[in-house]
Amino acid sequence: MITLHQVTKHYGSVMSLDDVSLEISAGEIVVIQGPSGSGKTTLLRLIAGLETPTRGQISIAGEQVSTPSGVTPAHTRGIGLVFQRSALWPHMTVVQNIRFAMHELSIPHTADRLEQLLEDMMLKKLANRYPNQLSGGEARRVALARALSNNPHRLLLDEPLTSLDPEQAARMLDLILNYADIQQATLLYVTHISDEANQVGGRLIRLQTGRVVEA
Ligand code: ADP
Ligand code: MG
C-alpha cells in the first residue's frame with residue numbers, strides 16, 4: 001500500500017500539489033490524468049523519494065518514507081521510475097546504462113538478469129549503441145529495462161509513450177502491462193491522453209491545479 005496523507009508541495013510561490021490524500025493498494029493499476037501543469041510529475045517524484053513534501057506524509061508498505069523533515073532514499077523504496085524523457089546517460093551504451101543502474105542498486109546476479117532484460121525489452125541487437133544512435137521507442141525501452149532491473153514491486157511511469165509512433169507505443173504498453181501482470185506490481189501510470197488511460201485500465205485519479213478532483 002502507498003498512502004499519501006495531506007501532501008502539499010510548493011516550489012517557491014508555486015503550489016504544485018495541494019493537500020493530496022490517496023491510498024493505493026499493492027498490485028493496483030492506477031492511471032493519473034490531468035492537464036499539463038496539474039502536478040502529475042510532482043506526485044510521482046514525491047512517491048519515488050526524489051522530492052520532499054512541504055506538508056504531509058507518505059508511507060509505503062506501512063513505513064513512513066516522506067515527511068517535511070526527511071525522505072528515505074529513492075533506491076530503498078522498491079520503485080522503478082521511467083521519466084517523461086528517457087533520461088539515459090549519453091556517454092554510456094545501452095548495456096552500460098542498464099548495468100550501471102544495477103551496480104548503483106547493488107543487484108546480485110547482474111549478468112543473468114542483464115541478459116534477460118535485454119531479451120525481454122528486445123534490446124539484444126542494440127546493446128552496444130549509444131543513446132544518440134537509438135530511435136525514441138528504443139530509448140524508451142532502455143529506460144524501461146533500467147527501471148525494471150531491480151524487479152520493482154512498484155512501477156511509476158511518467159507519460160511513457162510520449163513521442164512514440166503507434167507501433168512503438170503499442171509494443172511499449174504491452175511490455176509494461178505484461179510486467180505489471182507477471183510481477184503483480186503496483187502500477188502508477190501518468191498520461192494526459194484519454195485513449196491511453198482506457199488502454200491501461202484500472203482506477204483513474206484526476207488532478208487539476210494540484211488537487212485530486214476524482215479518485
Ligand atoms: P504535470 O506533470 O502535470 O505537467 P508538474 O508536476 O510538472 O505538472 O508541475 C506542476 C506545477 O509545478 C507546474 O506549475 C510547474 O510549473 C510547477 N513545477 C514543477 N516542478 C517545478 C520546479 N522544479 N520548480 C518550480 N516549479 C515547478
Ligand atoms: Mg509532467
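**Cores, a ligand shell and some positive phi values**

Modeller: Of the 38 residues in the largest nonpolar core, Ile98, Leu123, Leu144, Leu157, Leu187 and Tyr189 touch the most other members. A nonpolar core here is a set of buried Ala, Val, Leu, Ile, Met, Phe, Trp, Tyr and Cys residues joined through side-chain atoms within 4.5 Å. Buried means under 20% relative accessible area, exposed over 50%, and partly exposed in between, with a 1.4 Å probe and protein chains only.

Biologist: Which elements each supply at least two residues of this core?

Modeller: They are α2 (94-104), α3, α4 (136-148), β8 (154-158), α5 (166-183), β9 (186-190) and α6 (194-200). Helices (H or I, at least four residues) and strands (E, at least two) are DSSP runs, numbered from the N terminus.

Biologist: And what lies apart from it?

Modeller: Another core, of 24 residues, lies apart from it; Val7, Ile79, Leu188 and Leu207 are among them.

Biologist: Before we go on, what are the ground rules?

Modeller: This is a predicted model, in which local features need pLDDT of at least 70, side-chain atom pairs count only at pLDDT 80 or more, and totals for chains, interfaces and linings use all residues. Residues are numbered from 1 along each chain as its sequence is written, chains are lettered from A and ligands numbered from 1 in the order in which they are written, and side-chain values use heavy atoms, with hydrogens and water left out.

Biologist: Back to Tyr189. What is it in contact with, leaving aside neighbours within four places in sequence?

Modeller: Tyr189 is in contact with Val30, Val31, Ile32, Leu157, Pro160, Leu161, Leu173, Ile176, Glu196 and Val200. Contact means heavy atoms within 4.5 Å.

Biologist: Now α3. Which of its residues are buried?

Modeller: In α3 (residues 110-120), Arg113, Leu114, Leu117 and Leu118 are buried. They line one face of the helix, because they fall within an arc of 135° seen down its axis. The arc is that of the directions from the helix axis to the C-beta atoms.

Biologist: Which residues are exposed on the other side?

Modeller: Ala111 and Asp112. Just after α3, Met122 takes a positive phi of about 55°.

Biologist: Where else is phi positive in a residue that is not a glycine?

Modeller: Ser163 has a positive phi of about 65°. Ser163 sits in the loop between β8 and α5, and is exposed at 63% relative accessibility. Thr209 is another such residue, with phi near 35°. Thr209 is in the loop between β10 (203-208) and β11 (211-214), and its relative accessible area of 64% makes it exposed.

Biologist: Change of topic. Which residues are around ligand 1?

Modeller: Tyr11, Val14, Ser16, Pro35, Ser36, Gly37, Ser38, Gly39, Lys40, Thr41 and Thr42. Each has a heavy atom within 4 Å of the ligand. The largest share of this shell, three residues, comes from α1.

Biologist: Is Ser16 buried or exposed?

Modeller: Ser16 is buried, at 11% relative accessible area. Ser16 lies in strand β2.
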